[in-house]
Amino acid sequence: ALASLALGNAGSALKDMNKALRLNPHLPAASRARDGVAALQAAIDGDFQRAHVRFNVLLHAPAPPIAPQERLPTLLLPHEIAVYRGVCSLYLGEAPAAIQDFGAAVELAHQVLLSSLPPSGAELLAEHSAGGPTSQGKAGGTRLGGSDTEAPRHLRLPPEVASQRGLDCFACEAQYNIAVCQLVARQYACALSTCQHLLDCQDALRALGPQAVCLAWSEATDVVAREAFTQSYAHDPRYVDDFLRRHGRRHDAAVGMG
């Protein structure tokens with residue numbers, strides 16, 4: 001089941017988890033994983049309402065403890081479930097709920113990292129929390145370095161909750177999702193502000209790579225839009241070319257930047 005899930009085959013993973021639970025129904029971790037994969041499969045099938053309900057149940061259910069001897073990571077940590085629920089809300093046309101979930105995901109990830117650090121690292125992270133991720137999913141401008149801000153490797157945590165660097169990158173991804181939600185909700189001024197704040201997080205963006213720089217533009221003035229297109233084109237022309245292809249001749253002023 002885990003191998004199928006790693007390969008992106010949620011259907012096969014779900015069948016194998018059901019078989020495992022029939023052989024041993026007293027595996028709370030397997031039961032939770034099965035429910036999570038079922039929610040993922042519903043989202044893949046386009047049934048976002050059903051997937052949203054399933055993710056909501058999982059988010060409010062306590063995660064079963066994993067015995068140290070099992071040496072297996074916990075599937076679907078709370079911050080991951082919050083992201084998936086936010087995606088479902090976005091596809092259901094509920095942009096405000098999606099924004100709330102993406103912001104909450106960063107806070108939940110911050111809590112996981114804080115609880116997994118040694119005492120000295122947890123104190124450092126708490127001291128810098130004012131510059132770290134917020135409830136709105138904003139990435140902090142200060143990144144802590146060193147082993148004190150990295151979770152012990154034997155916990156086998158995903159990158160976004162294994163170190164401060166990973167958390168900063170995750171906060172940037174959440175902030176990008178929030179900007180998309182604001183655009184869908186026609187909150188253009190808010191989206192522009194969110195994108196600008198995201199572009200200010202240079203350390204995390206460098207860690208994510210040049211493709212991470214989002215395309216920001218304003219409906220207010222052509223000058224701002226042209227500058228945003230130029231900056232985006234310099235990082236990766238594919239996204240600008242795709243935008244122009246999808247939206248026609250209205251933005252022809254940006255053509256020829258390459």
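Predicted model: local features only at pLDDT ≥ 70, side-chain atom pairs only at ≥ 80, totals over all residues.
Visitor: How many salt bridges does the structure hold?

Guide: The structure holds three salt bridges.

Visitor: Why is the contact between Asp101 and Arg85 called a salt bridge?

Guide: The N to O distance between the side chains of Asp101 and Arg85 is 2.6 Å. The cut-off is 4 Å between a side-chain nitrogen of Lys or Arg and a carboxyl oxygen of Asp or Glu, so the pair qualifies.

Visitor: What parts does this pair tie together?

Guide: Asp101 lies in helix H6 (residues 95-116) and Arg85 in helix H5 (residues 78-91), so the pair ties together parts that are 16 residues apart in sequence.

Visitor: What makes Asp101 and Arg85 count as buried?

Guide: Buried means under 20% relative accessible area. Asp101 has 5% and Arg85 has 13%, so both residues are classed as buried.

Visitor: Why is Arg206 called exposed, and Asp203 partly exposed?

Guide: Exposed requires a value over 50%. Arg206 is at 56% relative accessibility and therefore counts as exposed. Asp203 is at 33%, between the cut-offs of 20% and 50%, and is therefore partly exposed.

Visitor: How do you know that Arg206 and Asp203 are separated by about one helical turn?

Guide: They are three residues apart in helix H10 (residues 202-208), which means a separation of about one helical turn.

Visitor: What makes the contact of Asp35 with Arg34 a salt bridge?

Guide: Their N to O distance is 2.9 Å, and the limit is 4 Å, so the contact is a salt bridge. Asp35, at 26%, is partly exposed, and Arg34, at 23%, is partly exposed.

Methods:
Residues numbered from 1 in each chain as written. Heavy atoms only, no water. Buried < 20%, exposed > 50% of the residue type's maximum accessible area, 1.4 Å probe, protein only. Helix = DSSP H or I, 4+ residues; strand = E, 2+ residues; numbered from the N terminus.
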